[in-house]
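Open the model in your viewer and keep the selection tool at hand. Here is a short tour, stop by stop.

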Amino acid sequence: MGAGVIAPTRALYAARLDRLYDALLDDYGPQHWWPAEGPPETVALEVCVGAILVQHARWESAAAALRRLRDADALSVDALATLPLDDLGALVRGAGTYRAKARTLGSFAESVQAGPGGTIEGFLAGDAETVRRRCLDVWGVGPETADAIVLYAGRRPTFVVDAYARRLFARLGCELPEGYEAARQALLAVTDHDVGRLGEWHALIVAHGKARCRARSPRCEGCPLVADCPAGRAMLGAHCSPVAARRD
């Protein structure tokens, strides 16, 4: 399926994705992304900031930077927009490219202030594509981060096509189309647009990519998807019947 994930029979392919999702959920359980508490506007802003901070960084590092921002009373739109970049960079230091991320956070806060109502609620208002365009207009925000914000903060349907997703679907024999947008649209065409399920999909793919479906030395033994994974079966030298044959 080099042309993408859209199968000749869409329903059949969607059913396969449902099986894969169920297998991952059974194995890893709900991932509870994102871990934020408080009033809706506070949670939404924290998710947006976290999505920016976690770019090319471990979540533990991003979470530590979030705590420093909170402790410094800098986890607000006004503070992020007005804090000098050197000071903001010092607070998020340790979360990867902290100078660039400080600039992105400042640009994001300024975009929120200049957007609908000047609030995070206004910035996240509208359909998925509207919110996504606003995010992509922010300096330093790329498609993955934009989709994370749309999905987890805006609660709008989209699919985060990161390296974990590309690796997983390629090993399952369903290599995604070239280009981020083509891959995102292909996945959206065959997945349920339920926001909670899409959020869990991304979280489960990340969990699986870290635990088993690694770029190097994948751990195929005991993988919940191995029966439906040609690459995994080849790695193990096994000849398993497909998940479909076993479960349907």
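**First stop: R212**

Select R212: at 18% relative accessibility it counts as buried (under 20% relative accessible area; exposed is over 50%, partly exposed in between; 1.4 Å probe, protein chains only). This is a predicted model, where local features need pLDDT of at least 70, side-chain atom pairs count only at pLDDT 80 or more, and totals for chains, interfaces and linings use all residues. Residues are numbered from 1 along each chain as its sequence is written, and side-chain values use heavy atoms, leaving out hydrogens and water.

R212 lies in the loop between α12 and α13 (230-236) and D27 in helix α1, so the pair ties together parts 185 residues apart in sequence. Helices here are DSSP runs (H or I, at least four residues), numbered from the N terminus. D27 is partly exposed, at 36%.

**Next: D18 and R197**

Select both. They form a salt bridge, with the closest N and O atoms 3.2 Å apart. D18 sits in helix α1 (residues 10-28) and R197 in helix α12 (residues 195-211), so this pair ties together parts 179 residues apart in sequence.

**Last stop: helix α8**

Select residues 128-136. A128, V131, R132 and C135 are buried there. Pick R132, with a relative accessible area of 7%. Its side chain meets E181 in a salt bridge of 3.3 Å, N to O. The two are 49 residues apart, E181 in helix α11 and R132 in helix α8. Finish by showing the salt-bridge network that links E129, R132, D147, E181 and R184.

Key. Salt bridge = Lys/Arg side-chain N within 4 Å of Asp/Glu carboxyl O.
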